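User: Here is a structure I want to go through. Please set each label against its definition.

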Amino acid sequence: MPRYTVHIRDEWLAVPCRDPTYTIQWLGYEALKRYTKNKPDNGGIDAVKDIRFVARRCQGQGLLDGDDTIEDVLEDNDFQHVLSSLQNLFLDGNSLTSTDLVNLGRGLYKIKVIIYLRFSLVIRYIYISFFFSPFWVVYGITTGFGKFARTVIPVHKLKELQENLVRSHSAGVGNPLSPERTRMLLALRINVLAKGYSGISLETLHRMIQAFNASCLSFVPEKGTVGASGDLAPLSHLALGLMGEGKMWSPKSGWADAKYVLEAHGLKPISLKPKEGLALINGTQMITSLGAEAVERAQAIARQADIIAAITLEVLKGTSKAFDSDIHALRPHPGQIEVAMRFRALLDSDHHPSEIAESHRFCDRVQDAYTMRCCPQVHGIVNDTIDFTQKIINTEINSATDNPMVFAERGETISGGNFHGEYPAKALDFLAIGVHELAAISERRIERLCNPSLSELPAFLVNEGGLNSGFMIAHCTAASLVSENKVLCHPSSVDSLSTSAATEDHVSMGGWAARKALRVVEHVEQVLAIELLAACQGIEFLRPLRTTTPLEKVYDLVRSVVKPWIKDRFMSPDIEAVHRLLLDQKVWNVAQPYIEKYNMELLPESRPISPTAFSLDPPASPRKLIWGTDCTHK
């Protein structure tokens, strides 16, 4: 029975088809049914039949007409991407992922919240305890904060207490977060409050959701958090705008006074009740939201780094023998096995023969430099580091991290330390150190491409050297970014400075860990953009020989935005254009169908588990693939 692999959001679904005369529309709805069936909240889809979507082929991104029959436009085992007009993402405080959060930041979804019974119990507990226990003393509700925790506040000043807290803690400096990052920050705070342990009213939460859905976003300076007691300064700025004070931004108004931005969208400022100021500003959401973006971008560039390195190996006439599955089975780290599989899927094989590989099949070289031969080992640990970090971030995304926590069932509010940002801070320092290595090894491959004594290509990949300088300074740019990363990789979480009159005497410095992790990832993307440009330029000097089909598709993608380097020209736009391809994951989207198809044809016992693909059916033919038996190099 023919089967098709359909991509919806971040999931790959195998859909069997008994009758190839069914339409693309049928295939899309079948995939959506399977998608909702496997999601606890139906993936935010109320009714599949009411969803409108468009479908594209993953290979080439060609738009598919819903009325076309499957047999007319798709082949057996083909890949399809469904872009549905899903409007709502349901938040329950338990199931949000880093992928979801980044998509919320991009404005792809609006928010709805699933409110548990606990939420109303918490509110009831706070108000009943307050009104019927006049001597009730609880930190942050009837007392001051930090050093003033023993100062009891009169009842008639409790609202002023919460407002003063937000105003005084809005002391951040620096450039504001971008709208995308502010959207992520607000969405994440809503998700945490929805857990129901923070003692916030439904009215206040509802107004926060309205502000998010209207993209009314507070001015949040990027600097000022020490990562314990939570991200106080940035979250205070976030709350300040929601109170109608300070500045806000929306697509309709641009930057303006928060009060007028809210009014322009028919929204009311929040009015703080007891505990609510503290509930809004106490937590690790700044670290975690920026960390979610860092880990998602790291994951995207790590996948594409394998593809770029494979092109470089082809241009430098390397061998695929080092990626033999039996070698990597002897050192079975998941990332290493996954990277080696991707190289086998992309390089010369019975699936995709390479004329370039055939041209040097009987050369006298024995083995390649480490920068090519050891890609599975070096890229592999990066992948495993990203997976580790993502688990920490996803746990933090769905954690209650304010103080005190309200346990209505027990009739208690308990002060603890969940606001301490050490977990995401340490993980993001680790992420920066790990992902940096992709740039470090890439820069060395760029050197090999540009150096004629190592590449057998023209110096700096240009004709008429001397008159033209080619990739000489592009390589210098890559080297400078790698050097910057070496400094940025110094862990911020090894530092701590006592604050709040020694009440907060150990802090995580997680805000800087998150911001510099993002900078490291961006530099990695830029270095790999330069390598991809250089590798594609190297292919020009090997023509008319062609590489494998998937790598030729990547070459064609690059050439769709950057023409070959015939003589010197302004290079920065070329680097920016290819960087944009990597940010949009277009290099991955072009190569992924070939990788997944190759992966699905392996025997179940020898197939590495892919985090991005799943097949419901066994392989069509139980044959063992033999890799590298006649590859280049002795």
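**Confidence, sheet and helix**

Analyst: The model is predicted. Mean pLDDT (the predictor's confidence in each residue, from 0 to 100) is 87 for the protein chain, and 86% of its residues reach 70 or more. Local features need pLDDT of at least 70 and side-chain atom pairs 80 or more, while totals for chains, interfaces and linings use all residues. Residues are numbered from 1 along each chain as its sequence is written, and side-chain values use heavy atoms, without hydrogens and water.

User: Where does pLDDT stay under 50?

Analyst: Over residues 605-632. The model has 61 contacts (heavy atoms within 4.5 Å) for them beyond four places in sequence.

User: What makes β9 and β11 paired strands?

Analyst: Strands are DSSP runs of E, at least two residues. Pairing takes at least two bridges between them. β9 and β11 (residues 247-250) have 2 bridges and run antiparallel. In β11, Trp249 is the bridge partner of Leu217.

User: What is the strand order of the open sheet?

Analyst: β9-β11-β12, with antiparallel pairing. β9 (217-218) and β12 (254-257) each have a single partner strand, so they stand at the edges.

User: Why is α23 called largely enclosed?

Analyst: Buried means under 20% relative accessible area (1.4 Å probe, protein chains only). In α23, 12 of the 15 residues are buried, so the rest of the structure largely encloses it. Among them are Trp588, Tyr594 and Met600.

How values were computed:
Helix = DSSP H or I, 4+ residues; strand = E, 2+ residues; numbered from the N terminus. Buried < 20%, exposed > 50% of the residue type's maximum accessible area, 1.4 Å probe, protein only.
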